Amino acid sequence: MASKAVYSQHRDPLLKKRDDFEDILEERRKTSDLRYALRCYTPALYKGLTPCTISDLKSMVLQSDQLLYVINQVSKETGTATDEIQSEAEAILEEMAHRLQLTTVRFFAFTLSKIFKTLFRSICVNEEGIQRLQQAIQEHPVVLLPSHRSYMDFLLVSYILYTYDLALPVIAAGMDFMGMKIVGEMLRMSGAFFIRRSFGGDKLYWAVFSEYVKTMLKNGFAPVEFFLEGTRSRTAKSLTPKLGLLNIVMDPFLKGEVFDVSLVPVSISYERILEEALYARELLGVPKPKESTSGLFKARKILSENYGSIHVYFGQPVSARSLAEGRVDRSQFNLTPRHIPRKPSEGIQDFVNDSAFRLVRSQEENMVLKPWVLLAALLLQNQAAGNKLGVLVEDLTEQAVWLRDLSRQFGAFLHWPDHVPPSRVVSSSLSLHRSLVRVSEGRVQLNSGSGSEFPLAAMTPEEELLSKAVVVLSCASYRNQVLHVFIRAALLACAVHSVTSSRKQEIFNTFSFLRNMFSNEFILRPGAEVQDFEEACYLLVKSAVLQIHQQEVLVTDSGHRTLAFLTSILDPFVQGYQMVCRFLCEEATETLTENQFVPAVRKFFIKHLLTGGLKYVEVLSSDLQKNALAALLRLGAVQKLRGGADQGTLKVNTVMVNSLEDTLGGKLPTQKTLAARL
């Protein structure tokens, strides 16, 4: 077939070898937790490490040329004495710095062993990844980059490294954790250093922070750990990476102060997320609870629940040197003294941004998907199709097996026990997630969401809808875990579905439009439209969904089921973005501000859901609404006014927003000028 000749050279995701796992809780269930916590701990350290105390480390930061330069600059700009600015820098560092103490680490090792054995069936770790990390720590400064789906993430990584006798990381944590009495200080003594969520234009704070991180990194004091996404993902989709800390850890390499930096993506996959209902309520506008020690003790009731298994995959260390090879001319850093802070050039910014997207994509590819994420996708699609009676268990099992096979063809890292009959795999998953689904008379459907607080009859239609939305958004957060596997193929499927022509170039134009529209929603590397299109073509040809002859794209007779699934998986996002466009054209006032946008659009969506004008409850997610607005701002269809009384007001280009809504609905051809030629 002609398509095979065209796409046979494309990287086959199935060819990627992945490591085996070991359950670290198995040993913990057999031996003493106290003995484990008090055992001899002698991690291998960086070969270039100069032994120093935490006090020495602080002195190195405060006496660094870069910080002294900034102190002088701030002194000149504000007219404040340098001694006063120096004292302020010392206070910032004192508030920020970690105080790693082995006794506290041992306390956490003991306590977490008890908690983890109660909460989780297993914590599975790829031992080969641990061996690679151990080697990397000895050779170069290491940066650990875990995915971020739960508060549990940073405790889990440190617990695993202690278990395997590896150097414990120093971890960037938000200042809100520091406010937790006792616990905040214990986290500090376990390696956490505390930073503000935003620095504004505070030059001194930025200088202290960046110098602190770079000093630890350059001296190999400990692996540095931070979350590329910046915050926990409430939707279980990867968030657009934040570049501040990545810029800082790349800096010593770019300036030639270290030979290389090893960047290690870590993928943490939860079978059941502790915060699932909390996240859903946050997405519906319920304020996030403040981090507090009392809140931690109130959360003890979760200890009676079963949260299944966790898989933690330590990825291949990525060399900063290899990422930069042929892309970055480091001689530019010789033009000015290295201690003088300078804004990264456009080329450096593009390089760091591209590296960040590659690292997050690596995290995604090594996420271990459990059977429940497939069931969640199928149950949501069944519900959206108006199936009020639910789906027969036998039918759901057949659909799940079909989707399992499709996922594997697309290269998903799927943890489906093949030695167990599919019916048992499905029933086990449904049982674990019984807070979200119920099985009655052989049929499976999502729970109503009413809980035990109020009977359905006592609730208003809006309260009933929001109660149902908690379950739907919780379920969607599991479905979202598989989106990275299908997103490129789903964009292509939507393009094929909406374009009347079978010409490859026209399909590519629509694919490119959709990809651009949803680039705030999914991890899609800037400038990689053609590669993503080719990857999507390859996967759909390989799975016998499409045939591609020269410049013509044809759907096979056997491909319609897959195509329908792929378009359905993207449908809630398409409809959500369309309705945001409609809201801005029909309801937005001239004084609508960015802060007022989400509550106003939520009210608009609730009205349309109650009258049947919308079928996807998950459009109530504030994450989707904010991403849609971000896309419209990026495309210039909406502008945010700055300065004066109109600060933050949204100015809507009604013609352009209407056009985008129509294009999303497949009513208008996409402009060829928006897309590169294939």
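Author: Two strands pair if DSSP finds at least two bridges between them; strands (E, at least two residues) and helices (H or I, at least four residues) are themselves DSSP runs, numbered from the N terminus. This is a predicted model, in which local features need pLDDT of at least 70, side-chain atom pairs count only at pLDDT 80 or more, and totals for chains, interfaces and linings use all residues. Residues are numbered from 1 along each chain as its sequence is written, and side-chain values use heavy atoms, with hydrogens and water left out.

Reader: Which residue in β8 is the bridge partner of Ile268?
Author: Strand β8 (residues 309-314) pairs with β7 in the antiparallel sense, over five bridges. Within β8, the bridge partner of Ile268 is Val312.

Reader: Which residue stands opposite Ser262 in β7?
Author: Strand β3 (residues 142-146) runs parallel to β7 and is joined to it by five bridges. Opposite Ser262 stands Val142.

Reader: Which residue in β9 is the bridge partner of Leu263?
Author: β7 also pairs with strand β9 (residues 318-319), in the antiparallel sense and over two bridges. The bridge partner of Leu263 there is Val318.

Reader: How many residues of β7 are buried?
Author: Buried means under 20% relative accessible area, exposed over 50% and partly exposed in between (1.4 Å probe, protein chains only). Ser262, Val264, Val266, Ile268 and Tyr270 point one way from β7, while Leu263, Pro265, Ser267 and Ser269 point the other way, and all are buried. Strand β7 (residues 262-270) is therefore largely enclosed by the rest of the structure, the count of its buried residues being nine of the nine.

Reader: How far is the sulfur of Cys494 from the closest cysteine sulfur?
Author: The whole structure has zero disulfides, a disulfide being a pair of cysteine sulfur atoms within 2.5 Å. Cys494 is buried, at a relative accessible area of 11%. Its closest cysteine sulfur belongs to Cys537 and is too far for a bond, the separation being 14 Å.

Reader: How many residues apart in sequence are the parts that Asp354 and Arg327 tie together?
Author: The two residues form a salt bridge, their closest N and O atoms being 2.8 Å apart; the term requires a side-chain nitrogen of Lys or Arg within 4 Å of a carboxyl oxygen of Asp or Glu. Asp354 lies in helix α17 (residues 346-365) and Arg327 in the loop between α16 (320-324) and α17, so the sequence separation of the parts tied together is 27 residues.

Reader: Which helix contains Arg488?
Author: Arg488 meets Asp532 in a salt bridge of 3.0 Å, N to O, and both residues are buried. Asp532 lies in helix α24 (residues 529-542), whereas the helix of Arg488 is α22.
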